[in-house]
Amino acid sequence: EAAANLCNWVVNVCMYNNVYKNVDPKVTAQKKAAEEYEVAQAKLRVVEERVATMQAKLKSVTDALKAATEDKNKVEAEARNCQERLGLAKRLVDGLADENERWTKGIISFRERERTLLGDTMLAAAFVSYAGSFNSKYRSSLWKE
């Protein structure tokens, strides 16, 4: 029985050797793949950090663009508002220029009438004193002529 156990042991060692010869390259390949996996994971972390940095930079640039666009829109709206107010002011100034002309003509007319006012008053007084003694029918006929 001792020889049988020894024989079984030799057979099992031979089988282990055959299995080891088959499994050892696979274990070595697995270790190599694990090392490559760790290197790839390290590269992936570096790339993910770069991507995160770029996304943060993109977000800040996008926010800056949005703020600049809002500022531009506000400035454009203010410019349109100023243009509208400028147009209204121009219309007002033009209207006042027409009023200035009218008032200037009125002042000239009043100065001319002021120059002749004394004579017109004397003429009216003379007419009233002359026509005052006549009846109203005759005064009306004098006035119309």
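Axes here are lines fitted to C-alpha atoms, for helices over the stretch in contact, with angles running from 0 to 180 degrees between N-to-C directions. Helices (H or I, at least four residues) and strands (E, at least two) are DSSP runs numbered from the N terminus.

This is a predicted model, where local features need pLDDT of at least 70, side-chain atom pairs count only at pLDDT 80 or more, and totals for chains, interfaces and linings use all residues. Residues are numbered from 1 along each chain as its sequence is written, and side-chain values use heavy atoms, leaving out hydrogens and water.

So what's in the chain? Two helices and zero strands. The axes of the two helices come within 11 Å and cross at roughly 145°, and the crossing is right-handed.

| Helix | Residues | Contact residues |
|---|---|---|
| helix 1 | residues 2-131 | Phe127, Tyr130 and Ala131 |
| helix 2 | residues 136-144 | Arg139, Leu142 and Trp143 |

Contact means heavy atoms within 4.5 Å. The contact residues split into five nonpolar, no polar and one charged.

As for overall shape, the C-alpha trace spans about 180 × 30 × 20 Å along its principal axes. The radius of gyration (taken over C-alpha atoms) is 58 Å, while a compact globule of 145 residues would have one near 15 Å, going by the rule of 2.2 Å times the number of residues to the power 0.38.

Take Leu86, in helix 1: it counts as exposed because its relative accessibility is 53%. Leu86 and Ala40 sit 46 residues apart in sequence and 67 Å apart in space, C-alpha to C-alpha.

Key. A crossing is left-handed if the near helix is turned anticlockwise from the far one by less than a right angle, and right-handed if clockwise. Ala, Val, Leu, Ile, Met, Phe, Trp, Tyr, Cys and Pro count as nonpolar, Asp, Glu, Lys and Arg as charged, and the others, Gly among them, as polar. Buried means under 20% relative accessible area, exposed over 50%, partly exposed in between (1.4 Å probe, protein chains only).
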